[in-house]
Amino acid sequence: MPTVHQIQQIHSISAIAVIHASVIQGSALGPGSFIVTASDLHPVHDRNRILKFADDTYLIVPGVNTDTCEDEIQHLQALAADNNLKLNQDKTKEIVIMASRKQAPSPPRPDVERVSRLRVLGVIMNDRLTAADHVTMLQSSSSSLMYAMLVLRAHGTPTASLYDIFQAIGVSRIQCASPAWSGMCSAADLARLDSLLRLGKRLGYYADNVPTVADLFDTADDDFFHLVKTNSNHILQPG
């Protein structure tokens, strides 16, 4: 049975403390704190969109609203300052996507770096809306994987385990978020990705009867569509 003193402690309420600084990076309070802060973040002007994923924030401004960019950036900076935060200028990038390459883009902002490609949730997108840069990144990372596989084989890793590792890292990396970018692949991009799988087969890391890249993309698309169709709470379900 709890004592009287313990019961008093259970019903006691601590005083309210004002927090004058942000939480330590990597703490358990970090994600929840950011979600609460970011919930108040909305675009200032109609047609503009703000997309929030964990600690990444993306501001999308259509061409007809180009003159509102300054207002939106100032709004972001003001909200950050009100919450004792600071907009990281080193990580703030601008990418301009235009339907016609003949049309001149607006002048770049002096305080925001303009780039031709941008990593969005692990996917490299460019200002031409092609998958070429993302495929190049996959090729580069696969070169490192092939070397690691060679080291594992030299240390006696069984062939079945090498298959599993290549599937879990190499193939899964190609399929990661593929419904979002596979449609932007050219025939040359698909050929480059297929060459990675053929190299895996030639080195003995990938079975001969496994699917091609096109088949992998079709499977990922079907799985994604099934997930959206069967989950009534999915974000892509009609409102």
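Residues are numbered from 1 along each chain as its sequence is written, and side-chain values use heavy atoms, with hydrogens and water left out. Since the model is predicted, local features need pLDDT of at least 70 and side-chain atom pairs count only at pLDDT 80 or more, while totals for chains, interfaces and linings use all residues.

Let's start with the overall layout. The protein chain holds 8 helices and 6 strands, taken as DSSP runs numbered from the N terminus (helices are H or I with at least four residues, strands are E with at least two). Going along the sequence, the order is α-α-β-β-α-β-β-β-β-α-α-α-α-α. Of the 239 residues in the chain, 24% are buried; here buried means under 20% relative accessible area, exposed means over 50%, and partly exposed lies in between (1.4 Å probe, protein chains only). Contacts are heavy atoms within 4.5 Å, and among those with a separation of 6 or more, 48% are between residues 24 or more positions apart.

Next come the aromatic rings. A pair of aromatic rings is described by the distance of the centres and the angle of the planes. Rings of Phe, Tyr and Trp (its six-membered ring) pair if their centres lie within 6.5 Å; planes under 30 degrees apart are stacked, over 60 edge-to-face, and the rest tilted. That rule gives 3 aromatic pairs. One of them joins Phe 166 and Tyr 206, a tilted pair with 5.3 Å centre to centre and 55 degrees between the planes. Phe 166 sits in helix α5 (residues 159–175) and Tyr 206 in the loop between α7 (187–202) and α8 (213–230), so this pair ties together parts that are 40 residues apart in sequence. Phe 166 is buried at 3% relative accessible area, and Tyr 206 is buried at 4%. Another pair, Trp 181 with Phe 217, is edge-to-face, at 5.3 Å centre to centre and 80 degrees between the planes. Trp 181 belongs to helix α6 (residues 178–181) and Phe 217 to helix α8, so here the parts tied together are 36 residues apart in sequence. Both Trp 181 and Phe 217 are buried. Phe 166 also belongs to an aromatic cluster with Tyr 205 and Tyr 206.

Phe 166 turns up again in the lining of the largest cavity, along with Ser 142, Leu 145, Met 146, Gly 170, Ile 174, Leu 196 and Leu 197. The lining has 6 nonpolar residues, 2 polar ones and no charged ones. Helices α4 (132–154), α5 and α7 each supply at least two lining residues.

Finally, the backbone has two spots worth a look. Most residues other than glycine have a negative phi. Leu 121, in the loop between β5 (117–120) and β6 (123–126), has a positive phi near 50 degrees. Leu 121 is partly exposed, with a relative accessible area of 46%. Ala 177, in the loop between α5 and α6, has a positive phi of about 60 degrees. Ala 177 is partly exposed too, with a relative accessible area of 34%.

Definitions and conventions. On a 1 Å grid over the protein atoms alone, a cavity is a set of points where a 1.4 Å probe fits but cannot get out, and a pocket is an open set with protein on both sides within 12 Å along at least five of seven lines; lining residues have an atom within 4 Å of a point. Ala, Val, Leu, Ile, Met, Phe, Trp, Tyr, Cys and Pro count as nonpolar, Asp, Glu, Lys and Arg as charged, and the others, Gly among them, as polar.
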